[in-house]
Number of protein chains: 2
Amino acid sequence: MNTPALADSVRMAGDAVEILDRRVYPFEVRWVRCATSEEVATAIEQMVTQSSGPLFATTAGMTLAAREGRHEPPGRAAARLRAAGERLIATRPTNNHIRDAVHAILAATADGPLAEAAGEELAEAVAEAAAGHDAAYWARSAALGGHAASLLPDGARVLTHCWADAYLIATVRAAQEAGRRLSFVCTETRPYLQGARLTAATLVEMGYTPTLITDGMVAAALADGIADVTLTAADRVTLDGHVINKVGTLGVALAASAFGVPYYALVQAPDPLAPTAADVVIEHRDGDEVLHVLGTRTAAPGVTGYYPAFDTTPPRLVTAIVTENGVYQPGQVKESLL
Amino acid sequence: MNTPALADSVRMAGDAVEILDRRVYPFEVRWVRCATSEEVATAIEQMVTQSSGPLFATTAGMTLAAREGRHEPPGRAAARLRAAGERLIATRPTNNHIRDAVHAILAATADGPLAEAAGEELAEAVAEAAAGHDAAYWARSAALGGHAASLLPDGARVLTHCWADAYLIATVRAAQEAGRRLSFVCTETRPYLQGARLTAATLVEMGYTPTLITDGMVAAALADGIADVTLTAADRVTLDGHVINKVGTLGVALAASAFGVPYYALVQAPDPLAPTAADVVIEHRDGDEVLHVLGTRTAAPGVTGYYPAFDTTPPRLVTAIVTENGVYQPGQVKESLL
């Protein structure tokens with residue numbers, strides 16, 4: 001089974017981390033080299049990578065930070081690692097991947113058994129914890145993908161918004177292993193065009209010919225019966241079943257509900273630290289990004305852009321939430337943590 | 001009061017018609033010269049102009065066609081005019097402006113009192129009928145604008161999709177004359193970016209600083225309370241209150257309904273020839289347009305575009321329809337014809 005390019009888009013390269021630049025893929029295959037954890041943080045802020053990418057960038061960034069302190073004495077190396085983790089967490093607030101990756105690595109090392117370790121030992125342990133976190137993410141995504149694929153009958157036409165990354169890849173793989181044919185409709189997902197570029201390219205790499213629509217066409221397409229199922233990742237799911245995901249997801253869910261199409265949200269697990277939507281910070285990005293497409297100005301002079309990067313879909317619009325542990329009604333999703 | 005550029009975007013220039021190219025405005029102010037009514041029809045098909053533009057292009061195209069037959073005998077000149085009208089009507093099926101303009105001009109000339117006139121006399125009469133139709137369109141739009149402005153309280157924040165053209169200009173003028181302050185949120189309206197370019201530019205020309213969002217942000221923006229009112233033109237309104245307008249309107253109306261924001265549709269009159277939505281042909285355009293932005297490829301290789309140019313909003317999602325005769329509940333809109 002072929003591996004799509006975006007399934008391996010963060011890599012260690014000598015003393016640096018290289019991150020595939022998702023702002024230009026697939027038109028350019030450009031890797032951004034980050035020599036320090038600070039450069040990794042900046043790359044995440046600047047959207048060099050997104051979706052699951054920041055998780056892998058974070059574990060790699062923590063590995064770099066630990067290496068940076070490998071000649072430091074106990075205490076100082078651990079403090080450096082904690083500071084790097086705080087910096088990485090501060091990059092983007094809405095998805096909990098970064099926070100969870102930092103906490104997992106710290107709990108296994110500087111905030112756990114290696115609090116008194118010297119830099120060299122800490123660096124080795126962090127590299128190991130980072131690799132373990134990455135591997136666990138793929139394994140959990142694969143479990144999620146199996147559950148999600150069980151919701152897709154043979155021949156299902158799937159409309160997806162933005163780029164569900166590892167969850168989509170795992171779902172497609174599970175459906176393929178089960179011999180189920182699927183077809184896909186992708187929204188282009190302005191302003192970064194993740195759907196037109198990342199989802200579309202990956203599905204092509206996996207053997208499909210996706211149909212592309214603009215973000216404004218979702219309701220018309222669902223009213224016209226173009227899809228049997230709508231499905232997105234979730235950047236965060238609260239314990240009471242709110243789905244926070246790329247802006248536009250709420251419109252997909254509203255249209256799906258209005259026209260009797262199921263809407264499924266994919267997330268490895270709800271966030272135990274977010275009882276409800278008020279506990280999630282919605283990132284607002286620079287409105288200037290709305291005024292451009294791939295760097296070219298598309299808006300008239302004199303306007304201001306507004307860019308909430310995520311939106312919140314209430315449980316009533318969510319048919320089910322698929323986690324690593326199974327398929328849940330949104331009101332019962334916290335049972336996935338038990 | 002200043003006249004926005006798009007309020008005067010079709011003009012006779014000697015023996016030709018010049019049409020402001022809305023595909024590139026405001027980045028370029030380019031006029032497409034059409035020497036024949038056939039060239040006018042092609043320009044309409046190719047989206048050189050849209051919204052109200054095809055109406056003015058049609059009356060100008062009919063004027064050209066009549067001139068083309070000015071040396072022809074009775075009968076042949078009239079037949080030429082009818083053929084030109086059919087060609088213009090065939091350009092785009094969803095909005096009824098073109099059909100109505102052709103029928104009005106023919107009824108006043110070749111299909112009416114001038115059925116037996118020679119080419120020269122017919123050409124003069126067509127030019128007069130065309131000018132009268134244009135003037136009536138502005139007058140009816142102004143009446144509509146007065147009714148629409150009455151729905152917008154001082155300080156109202158208005159979210160609009162695509163480009164409502166003469167109706168929006170008339171509404172804004174009426175609100176300005178009444179001393180009411182407004183502010184605007186525009187959707188960019190992919191794939192042609194009418195909102196980001198035409199609506200935004202015109203509102204800037206009229207003294208505002210509109211806020212731009214992507215088409216996928218409408219639901220999030222309304223959930224966040226960014227607007228008090230949503231308002232679009234309608235390309236067609238059926239006698240039972242269905243609103244056919246630029247694709248994306250249905251999503252706006254769904255979100256407005258979900259979050260308690262009124263949705264108003266503006267149309268001079270419902271279409272007496274369209275009892276319900278099944279009587280309206282929804283134009284599907286070349287899907288390739290979805291794969292590009294302003295001529296630059298934005299989608300991954302290997303995908304297919306899908307481009308329904310309009311969608312249909314059912315009466316239950318429409319707060320009111322504003323016509324030249326007043327404000328109507330969608331179920332009562334046919335009373336506007338009485």
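Mentor: What follows is a set of questions on labels and the values behind them, for a predicted model.

Trainee: Start with charge pairs. What makes R87(A) and E38(A) a salt bridge?

Mentor: The cut-off is a side-chain nitrogen of Lys or Arg within 4 Å of a carboxyl oxygen of Asp or Glu. In R87(A) and E38(A), the closest N and O atoms are 2.9 Å apart. The pair therefore meets the rule. R87(A) sits in helix α3 (residues 76–89) of chain A and E38(A) in helix α1 (residues 37–45) of chain A, 49 residues apart.

Trainee: Why are R87(A) and E38(A) called partly exposed?

Mentor: Buried is under 20% relative accessible area, exposed is over 50%, and partly exposed is in between. R87(A) has 23%. E38(A) has 39%. Both values fall in between, so both residues are partly exposed.

Trainee: Which residue of chain B does R87(B) pair with?

Mentor: R87(B) forms a salt bridge with E38(B), at 2.8 Å between the closest N and O atoms. Here too the partners lie in helix α3 (residues 76–89) and helix α1 (residues 37–45), both of chain B, 49 residues apart. R87(B) is partly exposed at 24%. E38(B) is partly exposed at 38%.

Trainee: Are D271(B) and R99(B) buried or exposed?

Mentor: Both D271(B) and R99(B) are buried. Their side chains meet in a salt bridge at 2.7 Å, N to O. D271(B) lies in the loop between β10 and β11 (292–293) of chain B, and R99(B) in helix α4 (residues 97–108) of chain B, so the pair ties together parts 172 residues apart in sequence.

Trainee: How many salt bridges does the rule give over all chains?

Mentor: The count comes to 44. Some residues are linked in a network: D21(A), R23(A), E28(A) and R30(A).

Trainee: Now the surface. What makes E120(A), E121(A), E124(A) and E128(A) a patch of negative charge?

Mentor: Glu counts as negative. A patch needs residues with over 30% relative accessible area and no salt bridge, with like charges joined within 9 Å. E120(A) is partly exposed, with 40%. That value is over 30%, so E120(A) passes the area test. The four Glu residues gather in a patch on the surface. E120(A) itself is found in helix α5 (residues 119–149) of chain A.

Trainee: Turn to the strands. Why is β2 of chain A described as largely enclosed?

Mentor: Five of the five residues of strand β2 (residues 16–20) of chain A are buried, so the rest of the structure largely encloses it. Both faces are covered. A16(A), E18(A) and L20(A) are buried on one side, and V17(A) and I19(A) on the other.

Trainee: How do you know that β2(A) pairs with β1 of chain A?

Mentor: Pairing takes at least two bridges. Strand β1 (residues 10–13) of chain A and β2(A) have four, in the antiparallel sense. The pair therefore qualifies. V10(A) has I19(A) as its bridge partner in β2(A). In the hairpin of β1(A) and β2(A), two residues stand between the strands, and G14(A) takes a positive phi near 65°.

Trainee: What joins β2(A) to β3 of chain A?

Mentor: Four bridges join β2(A) to strand β3 (residues 31–34) of chain A, and the two run antiparallel. V17(A) stands opposite C34(A) in β3(A).

Trainee: What makes β13 of chain A and β16 of chain B edge strands?

Mentor: Eight strands form an open sheet with mixed pairing, in the order β13(A)-β6(B)-β5(B)-β4(B)-β7(B)-β10(B)-β15(B)-β16(B). β13 (304–305) of chain A and β16 (326–328) of chain B each have a single partner strand, so one side of each is left without a neighbour in the sheet. Within this sheet, three bridges join β10 (residues 263–266) to β15 (residues 320–323) of chain B, which run parallel. Y264(B) has A320(B) as its bridge partner in β15(B).

Note on methods. Residues are numbered from 1 along each chain as its sequence is written. Chains are lettered from A and ligands numbered from 1 in the order in which they are written. This is a predicted model: local features need pLDDT of at least 70, side-chain atom pairs count only at pLDDT 80 or more; totals for chains, interfaces and linings use all residues. Side-chain values use heavy atoms; hydrogens and water are left out. Patches are made of residues with over 30% relative accessible area and no salt bridge: like charges are joined within 9 Å, nonpolar side chains (Val, Leu, Ile, Met, Phe, Trp, Tyr) within 5 Å. Accessible areas come from the Shrake-Rupley method with a 1.4 Å probe; for residues, only the protein chains shown count as cover. The place of a charge is taken as NZ of Lys, CZ of Arg, CG of Asp or CD of Glu. Buried means under 20% relative accessible area, exposed over 50%, partly exposed in between (1.4 Å probe, protein chains only).
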